[in-house]
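My entries follow in the order in which I checked them.

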Amino acid sequence: MRKLSAQEFDRIHTRLKSLYIRYTEVYEEIFDHYCTTLENVSEAESIIVLTQLNETFAWSVVKGMDQELEKNVSKQVWVAQLEFLKFWNHGLKGLLATIIGFALLEIAIFIIPVSELILVFLVIILITTAGVFFMKRDAISFRLSHKMVSISSATIIKRVGILNTIFMWIYAMPSVLTRGEIHSNTLFVWGMGIVTVFSTLYSISLLVIASNLTNYRTTR
Amino acid sequence: MSNNNLIKGSLQTIILKLLEENEKMYGYEITQRVKELTAGEIKITEGALYPALHKLEAEGLLSTEIQQVDNRVRKYYSLTKDGQKEVTSKMSELQGFVENLQRILTPDLKPGFNI
């Protein structure tokens, strides 16, 4: 087994960058495959083997790998999230946290005037969302150029984004249609309270699971 | 030898079996081991191997470990407890299929024949 030259590393990186790989995990795995393959052939054979590797990891193959990883991680996170949300599986700690959460919600509903409670819920949702987006900001890009991201961060951002879009519609539509009158409706406020608890739990579960997934994937 | 379609259906079993015999393996190592065991007759395409590994990982049959190797990271795959159980069932499923296939291809073969 030989050591690769800087020029060979450059060639591999150039090739992989031209494929616009979406996820860091796929890039790293293909990069290691290229390096290991080339390390096991002589320098004279290097160019031919590199061409063969480029054919093996063609555009369609790499895009397929990106999509498959996305599908598999999404499934993995979803299963783990459902497990996480089963508070009774977390023992006494989980049970206490759930009881405290619902107790706080009930106290808030009795203490704060109904019309103002909606604002409290909105603030909780916005803070949670902002926190999630800040913690997983590596998956956010405002540049037009390609940016490779971690699959776990991308999964969280996507899910929290979808959840909050749905939440905003649930809040905004009745508010617009009733010109804000619904804010003093106790039933609507209760509904919003439950949505808030669910949304916060969902965001927290995503953060915990995806963080575990990231740690797990990057144990060195 | 062009046998990609034949391998496709048994790729997961091949991976699980190799990982049962080796504590942990990475993608390149798996392709080379298959090539070595079959004297180059079977070549696993990387485009099929990596998605299969990721699928097995998502199903909880494989666990992964990332190690720093020189200036890059290497992802090792190993069997989980569920994966260890699955190897036996997948192997007997494949062996049963091969036996039945053999009966179709050579009808004169005695029913109790084992590959």
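I started with burial in chain B: 25% of its 115 residues are buried. I call a residue buried if 20 or more other C-beta atoms lie within 10 Å of its own, exposed if 12 or fewer, and partly exposed in between, with C-beta atoms placed from the backbone. This is a predicted model, in which local features need pLDDT of at least 70, side-chain atom pairs count only at pLDDT 80 or more, and totals for chains, interfaces and linings use all residues. Residues are numbered from 1 along each chain as its sequence is written, and chains are lettered from A and ligands numbered from 1 in the order in which they are written.

Next, the fold of chain B. I found five helices and two strands, in the order α-α-α-α-β-β-α from the N terminus. Helices (H or I, at least four residues) and strands (E, at least two) are DSSP runs, numbered from the N terminus. The C-alpha atoms of chain B fill a box of roughly 60 × 30 × 20 Å along the principal axes. I then checked contacts (C-beta atoms, placed from the backbone, within 7 Å). Of those in chain B between residues at least 6 apart in sequence, 49% join residues at least 24 apart.

Which residues of helix α3 (residues 27-37) of chain B are buried? I noted Gly27(B), Tyr28(B), Ile30(B), Thr31(B) and Val34(B). Down the axis of α3(B) they fall within an arc of 165° (taken from the directions from the helix axis to the C-beta atoms), so they line one face of the helix. The face turned away from that buried side carries exposed Glu36(B) and Leu37(B). The cover over the buried residues includes α2 of chain A, plus α2 (11-21) and α4 (46-58) of chain B. Just after α3(B), I logged a positive phi of about 50° at Ala39(B).

Then the contact between the chains. Chain A gives 23 residues and chain B gives 19 residues. On the chain A side, α2 (24-39) and α4 (59-85) each supply at least two residues. The most come from α4(A), with nine residues.

Last, I looked up chain A in UniProt. The unreviewed entry places "transmembrane region" at residues 94-112, 118-135, 156-176 and 188-210; such annotations may be inferred rather than shown by experiment. I checked two of these spans. Residues 118-135 of chain A are 100% helix and 0% strand, with end C-alpha atoms 26 Å apart. Residues 156-176 of chain A are 100% helix and 0% strand, with end C-alpha atoms 29 Å apart.

Technical notes: Contact = placed C-beta atoms within 7 Å.
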